[in-house]
Amino acid sequence: MFRLRLVPDNTNIQFMRGRHAGLIVSAFLSIASVVLFFYPGLNYGIDFRGGIVIEARTPQAADFASLRHTLGQLNLGQVALQEFGSPQDVLIRLERQPGDDAAQQVAADKVRATLAQELPGTTVRRVEAVGASVSGELFFNGMLALGLALLAMLVYIWFRFEWQFGFGAIVTLLLDVTKVVGFYAITGMQFNLTAIAAILTIMGYSTNDKVVVYDRMRENLRIYKKMPLRELIDRSINETLNRTLGTSMSTLLSILPLAFFGGEALQDFGIVLIFGIFLATSSSIFIAAPILLFLGENRLRRNAPTENAAPAANPTP
Amino acid sequence: MLYFPRWKIFLIVAICVLGTILTLPNFFSRETLSALPSWYAHNRVNLGLDLRGGSHLLLEVDMGAVIRDRVEGLVDSARTQLRNDNVGYTAINPGDRGITVQLRDPAQADTAVRALRQLANTIGGGPLGGGQPDLEVNASGGAVTARLSEIALRERATQAIEQSIEIVRRRIDETGVNEPTIARQGADRILVQLPGVEDPDRVKRLLGTTAKMTFRLVDMNADPSAGRAPPGTDILPSSESGRAQTAYVIRKKVEVDGANLTNATAGSNPQTGEWVVNFEFDSIGARRFADVTRANVGRPFAIVLDNKVISAPVIREPITGGRGQISGNFTAADANDLAVLLRAGALPAPLKVIEERTVGPDLGADSIRAGLMSVGIGFVLVCAYMIAAYGLFGAFACFALLVNTVLTLAALSLLQATLTLPGIAGVLLSLGLAVDANILINERIREETKKGRGVFGSVEAGFSRAYSTIVDANLTTAIKMAILFVLGTGAIKGFAVTITFGILISLFTATVLVRLMMVSWLRKTRPAALPV
């Protein structure tokens, strides 16, 4: 009977051999991400920076040069044009207009009127205009959400596991989140409310993955009382490898259509989640587990004699 | 673990059937739905504005103006009150939150304090009294100050926002938008959602007008171009820029207030063919209007809207019927809008649009199509993987996934939660996350089988061992989504809603339902080996 196995059943990879490499690469990438966060920084979307986005569909393929010229004459600051989906679909982005919140409205109405006048037949499919006070609050709430989510995870894992596990999970989560932010910085994708949702989803997914691997380690700690921790961690990872990769696969497959058909708002979201799935899967193996190994070498064995006995034989539960 | 009493089986099947029944209305056309008997579920999933098309506006009430209004009123009434009580003063200065009266004779401070205290309104308290005055009056040297208290400011703000919501609702109802949502948000904001509105221009114009209308006399002796208004008057511009006379000197005293209007309709003047607005006063307004027009025949009478003079016709004869007509070179649309504004009443303070998100209906339809296609493809991909990896048990998981999606739709319909475009992404993502439970269980069953357990023993151990991990894993995501739901706004909330539903329901479908299917299959076929 054919069964698709992502890895053969009796895989026994010694992941902990790569523990130093894993941690160093991860730390390097995260530091690079933090640097990228400050310079050049993120491409904040209109949710967080304010401004105007208009999605228009022109009757023929849009003439970007003349469109840029026409809109440039309105004196509304920098106008960014982007083809989206088809050559007829144009995304017009305006910087936040100086002045109060109402100034955004005035500018958006101007662009609408100009489009109607200069390019008859153009339909405005979407308009978003966000003023400074609203974008400031959205940004604050977004950051608050990220902070609370980290805190909630800390508390949750604290209750659920020994502190070594909690520490490992949180450090890994921080490393993951910074890399996602770095991903936004490198790709120049719009960082907006959807990005916050993406980061929260990746955090949830990553923790979920760690919980499964940690659960198995804890179980094995009870079964193989004398096995060296390093071997035990490798064994636990290998045992859950098919599950870890299987869930990554199923989640990846479910997200894939989003990256292809998601439209302006969700395409980026899909791509970031795909990146996040790879990230979370690899960090369970190469980050969360080694941290535990470093922290727990002599502490995670309670009711076992300390001398290093030979690995226990296959137990019979 | 493997034994299901009959009532449990019945309950599980009943939940699935009920979910299907609740979901079906979403796939009926409107006609079919209205033809259904009344006991049948009629609730459909509420589509967000980003899917059905429409306009989302966030308005802010200018609270500064509300307080300024009250302070100005205070200046006027203080003047009258002090004059009645024979208190001499050199000046009454309006401040941020109150007024300062400079007394001519500091010895009169006590009298002045008493006089100003009378101006306070009582706020709070019940029918037995117990409220407190909204003014704090204090004397220091030759000056007496009256300040609005903290509670008074809050009370004012609450009043202003509630009144604004009412007026906004009336104005929007007049435009004929279907099923608008108008709700207070925070201390000074109003959220307006207008399904199906593609160009919210007219609504924004209507809401952006305060529509405070007053009828005031024109000061004929002053020259509007002089640049300085004589005491007790304002220089106000004409509402039309093209007019020969672009400014008027208008007396401050309001002769008749627009609040006394009972009706206003747009019409055309049969003689000139011009568009006009006809209005009617209530009894108080009619009496005042009659008195003023009787006393001022031959003089111009200005109709002022939001500090702009619409027109200033000369009174030809006393108007006693309580009816009148405003003409001001209107187009049909202008006249209609003005009539709407006058009927709905004036806003207590100006409103500003601080956020707009508008989606055209065709973009919404495109999004729905793309969303459905994505969910369909995602479902097929996940199922293909599950069956390839776990065979029959994978197929069980797929069936459970289908039930999960149906039940999620049912929950959305039942609770009238809003499905948004990010919400569809949530449905999609929960497809992947929901089968995680089945992957955990199936992997566990495989392991147990390899350890040499029997068929039933492996399944039993697989479920019981995987269960705590499943709950743990799903809880972490659910916590994140609860945070997102509380702190997120608009469409992104929909993402949190669908994922949370998907995950919670998966705890039922991926474990209980799948277990029932597996156990029934085991009992029926009694296989020698498991197909995982």
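**A hairpin, then outwards**

Guide: Let's start with strand β3 (residues 79-84) of chain A, which is joined by six bridges to strand β4 (residues 86-94) of chain A, the two running antiparallel. Before going on, a caveat: this is a predicted model, so local features need pLDDT of at least 70 and side-chain atom pairs count only at pLDDT 80 or more, while totals for chains, interfaces and linings use all residues. Residues are numbered from 1 along each chain as its sequence is written, and chains are lettered from A and ligands numbered from 1 in the order in which they are written.

Helices (H or I, at least four residues) and strands (E, at least two) are DSSP runs, numbered from the N terminus, and two strands pair if DSSP finds at least two bridges between them. In our pair, Gln82(A) sits opposite Leu91(A) in β4(A). One residue separates β3(A) from β4(A) in this hairpin, and Gly85(A) in the turn has a positive phi of about 75 degrees.

Another antiparallel pairing crosses between chains: β5(A) is joined by five bridges to strand β20 (residues 351-359) of chain B. There, Ala129(A) faces Glu356(B) in β20(B).

How many residues does each chain put into the contact? Chain A gives 60 residues and chain B gives 53, where contact is C-beta atoms, placed from the backbone, within 7 Å. The top contributor on chain A's side is α8(A), with 14 residues. That side divides into 33 nonpolar, 18 polar and nine charged residues; Ala, Val, Leu, Ile, Met, Phe, Trp, Tyr, Cys and Pro count as nonpolar, Asp, Glu, Lys and Arg as charged, and the others, Gly among them, as polar.

Now for helix α1 (residues 19-38) of chain A: its 20 residues reach 29 Å from first C-alpha to last, close to the 28 Å expected at 1.5 Å a residue (the expected span being 1.5 Å times one less than the number of residues). Buried in α1(A) are Arg19(A), Gly22(A), Ser26(A) and Ser33(A). Down the axis of α1(A), these buried residues fall within an arc of 65 degrees, so they line one face of the helix; the arc is that of the directions from the helix axis to the C-beta atoms. They pack against α6 (163-187) and α9 (263-296) of chain A. For burial, the rule is 20 or more other C-beta atoms within 10 Å of a residue's own, with 12 or fewer meaning exposed and anything in between partly exposed; C-beta atoms are placed from the backbone. Turned away from the buried side are exposed residues including His20(A), Ile24(A) and Phe38(A). Phe38(A) counts as exposed because it has 9 C-beta neighbours inside 10 Å.

Over in chain B, α9(B) (residues 332-344) has buried residues including Asp337(B), Leu338(B) and Leu342(B). Just after α9(B), Gly345(B) takes a positive phi of about 95 degrees. Leu342(B) is also among the residues with the most contacts inside the largest nonpolar core, which has 211 residues; such a core is a set of buried Ala, Val, Leu, Ile, Met, Phe, Trp, Tyr and Cys residues joined through C-beta atoms within 7 Å. Helix α10 (residues 361-415) of chain B supplies the largest share of this core, 20 residues.

Terms used. Contact = placed C-beta atoms within 7 Å.
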